Amino acid sequence: MRTNLTVLGIGVVFGFAFSASGFNQYNVIHRMLSLQIAGPYLVMASAVLIAMPTLWYLERRHWVTPLGGEMRLRRWSPERKHVLGGIVFGLGWAVTGACPGTIPTALAGGCLLAIVPAIGVLAGIFLHDGIVEHTSQRDPAAGSEVWSEA
Amino acid sequence: MFHALALPLPWFIAGPLMGLSVVAMYAAGNKHLGICGSFVQFADAARSRPLETWRFWFLGGILGGAALVTLLAGYPQAGINYGTLSRNLPLNALIPFLFVGGVLIGAGARWAGACTSGHGITGCSTRSTGSMVAIATFMVTAVAATLALNAVSGGAV
């Protein structure tokens, strides 16, 4: 329960900064992806610029978290799926100006049409998993595990 | 109408707040911040797979933070409004357009393992090279597709 409440609090801060940057507005994302405004890129870059060295430092100190044991940063080696999945994702991002973060934050603002890409994302997850489970020998549960860490 | 908060919040405030959220998630609970994981929870709930409860709480927080911004600053997309896209496309074209886009987002994020937050912000911060490849691909594809759509549609989409 302590973990859940902590995560809830961090979610409020993240959701606030995210929405206050205008990321839950189609016009902002569209102008970002049309290279008309730099603000959203600066938000993302400065977030990484703060988090990367801090996490690096905590990792070197073998930081023990109060709620989840010793801190272990998750990393993935580049694979084909990062590029292929990335292309599919990028196309969806371009046409809708939405990503999994913009959808709930748009809904929270009262954007009724955001329900449509929300249903689409769920359909996309089922579509992907259905294809993987029917075409490869891979254990579908293994895919879930990879995802659950990201 | 009076608004207590002017948007957008300057990037040098919003960005560090998001960066500190990423740090706090790892430092407090050893968790990799990402939003698409919450969508997977709904999918997994529907097919009776084991759930990670904390992701629902995190999503609840995101909704709360976004609602707070709406309260303080208003929100231009309330109601049946999707910015310039809903001005340029009739509803019967917009809805399938948004649905197909959503499918691409869901399938692509699932395939790539994470989305703009999980790979783009958190993955880059953990120095995950796969995440850096993923976010670079997201960006290049989305910018190229947006510019191409813009050109083909005469700026409509």
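This note reviews the model shown above, point by point.

1. The model is predicted: local features need pLDDT of at least 70, side-chain atom pairs count only at pLDDT 80 or more, and totals for chains, interfaces and linings use all residues. Residues are numbered from 1 along each chain as its sequence is written, while chains are lettered from A and ligands numbered from 1 in the order in which they are written.

2. Chain A holds 7 helices and 2 strands; these are DSSP runs, helices being H or I of at least four residues and strands E of at least two, numbered from the N terminus. Their order from the N terminus is α-α-α-β-β-α-α-α-α.

3. Along the principal axes, the C-alpha atoms of chain A fill a box of roughly 45 × 45 × 30 Å. Of the 150 residues in chain A, 48% are buried (20 or more other C-beta atoms, placed from the backbone, lie within 10 Å of the residue's own).

4. In the interface, 107 residues of chain A are in contact with 110 residues of chain B (contact: C-beta atoms, placed from the backbone, within 7 Å). Elements giving two or more residues to this side of chain A include α1 (2-20) and α3 (39-60). The largest share, 17 residues, comes from α1(A).

5. Chain A has a mean pLDDT of 93, and 91% of its residues reach 70 or more; pLDDT is the predictor's confidence in each residue, from 0 to 100. Over residues 144-150 of chain A, however, pLDDT stays under 50, and the model has 18 contacts beyond four places in sequence for them.

Terms used: Contact = placed C-beta atoms within 7 Å. Buried ≥ 20, exposed ≤ 12 C-beta atoms within 10 Å, placed from the backbone.
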